[in-house]
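This briefing walks through one protein chain, moving from single residues to the chain as a whole. Please keep the sequence and the structure in view while reading, and look up each residue as it is named.

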Amino acid sequence: INQVTYGRPDETIGQCRAIMAKLGIKCLPILTEGRVEGILTQRDMSDFYFDAKDKGGKQNYLRDVSERVGLSSDTSMAEPPIFVRQHLALKHAPLYLNVGVAEYPHPFKAAEGIGSSRRNFGPRDLAMDPDLSEDAHFVKEVELLDESGENLQKLLYMGVADGVGSWREYGVDPRDFSHKLMGGCQD
């Protein structure tokens, strides 16, 4: 709860919208002197510029929504997006990769924290222990049945998670999320 982002009653809708967009949040509590006065949502934002007659009522629903529900049998699809075409092409042309991984922590990182400079780090050797790295990754080869359900095919899965060092300011070890996320994906 001490990490909740909030707005203030004197802030404009535009300021609140900017905060929500920058943080990727859908709701913003509005606080006055430690008391929640309300919650601003994305729906509130979308409704802000419309008056009641523009938003509501059966007449507007019939005009704006009812004619758009469902597709007729003669509706055709547009050309599939490029990522779908690429996926379909892979069935005919496999992708070959050489995968290499190197993971190093910040050079001034130690188990008890991080120095901002060589002076703050002290007279130790530079950090090389990958367990101290805030970033994490996995590479795993698995065998799964192909589309026919009869033959095993080898698939390679990879993932990378960037640990966010600034979480340290809030007493959170930045390694926790990235390492657990990649461990869960690998399993």
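This is a predicted model: local features need pLDDT of at least 70, side-chain atom pairs count only at pLDDT 80 or more; totals for chains, interfaces and linings use all residues.

Glu 134 counts as buried because its relative accessible area is 17%, and a residue is called buried when that value is under 20%. Glu 134 belongs to the loop that runs between α6 (118–121) and β5 (136–145).

**Around Glu 134 and Ser 178**

- Once its neighbours within four places in sequence are set aside, Glu 134 is in contact with Lys 109, Gly 163, Val 164, Gly 165, Arg 168, Pro 174, Arg 175, Ser 178 and His 179.
- Ser 178, one of these partners, sits in helix α7, which covers residues 175–186.
- Ser 178 has a relative accessibility of 1% and therefore counts as buried.
- Beyond its neighbours within four places in sequence, Ser 178 is in contact with Glu 134, Asp 135, Ala 136, Ala 161, Asp 162 and Gly 163.
- Arg 175, which is also among the contacts of Glu 134, is buried as well, because its relative accessible area is 19%.

**Salt bridges**

- How many salt bridges does a search of the whole structure find? The search finds three, and each of them is described below.
- In one of them, the side chains of Arg 175 and Asp 173 meet with a distance of 2.6 Å from N to O; here Arg 175 is buried, whereas Asp 173, at 26% relative accessibility, counts as partly exposed.
- Another salt bridge links Arg 8 with Glu 11, where the closest N and O atoms are 3.6 Å apart, and Arg 8 counts as partly exposed because its relative accessibility is 43%.
- A further salt bridge brings together the side chains of Arg 35 and Glu 37, with 4.0 Å from N to O; Arg 35 is exposed, with a relative accessible area of 55%, while Glu 37 counts as partly exposed at 47%.

**Strands β5 and β6**

- Strand β5 pairs with strand β6, which spans residues 152–161, and the two run in the antiparallel sense over 10 bridges.
- Within this pairing, Leu 145 has Leu 152 of β6 as its bridge partner.
- The hairpin made by β5 and β6 has six residues between the strands, and Gly 149 in this hairpin takes a positive phi near 80°.
- Val 139 is found in strand β5 and is partly exposed, because its relative accessible area is 35%.

- Leu 28 has Leu 40 in β2 as its bridge partner.
- Which residues make up the largest nonpolar core? This core has six residues, namely Cys 16, Met 20, Leu 28, Ile 30, Leu 40 and Met 45.
- The elements that contribute two or more residues to this core are α1 (13–23) and β1 (27–32).
- As general background, nonpolar side chains tend to be buried together in soluble globular proteins.
- Leaving out residues up to four places away in sequence, Leu 28 touches Thr 5, Tyr 6, Gly 7, Cys 16, Ile 19, Met 20, Gly 38, Ile 39 and Leu 40, so that several of its contacts, including Cys 16, Met 20 and Leu 40, are themselves members of the core.

**The chain as a whole**

- The protein chain contains seven helices and six strands, and from the N terminus on its elements follow the order α-β-β-α-α-α-α-β-β-α-β-β-α.
- The protein chain has 187 residues, of which 16% count as buried.
- Among the contacts between residues at least 6 apart in sequence, 37% join residues that are at least 24 apart.
- The accessible surface of the protein chain comes to about 15200 Å², and 55% of this surface belongs to carbon and sulfur atoms.

Notes. Residues are numbered from 1 along each chain as its sequence is written. Side-chain values use heavy atoms; hydrogens and water are left out. A nonpolar core is a set of buried Ala, Val, Leu, Ile, Met, Phe, Trp, Tyr and Cys residues joined through side-chain atoms within 4.5 Å. Buried means under 20% relative accessible area, exposed over 50%, partly exposed in between (1.4 Å probe, protein chains only). Helices (H or I, at least four residues) and strands (E, at least two) are DSSP runs, numbered from the N terminus. Contact means heavy atoms within 4.5 Å. Two strands pair if DSSP finds at least two bridges between them. Accessible areas come from the Shrake-Rupley method with a 1.4 Å probe; for residues, only the protein chains shown count as cover.
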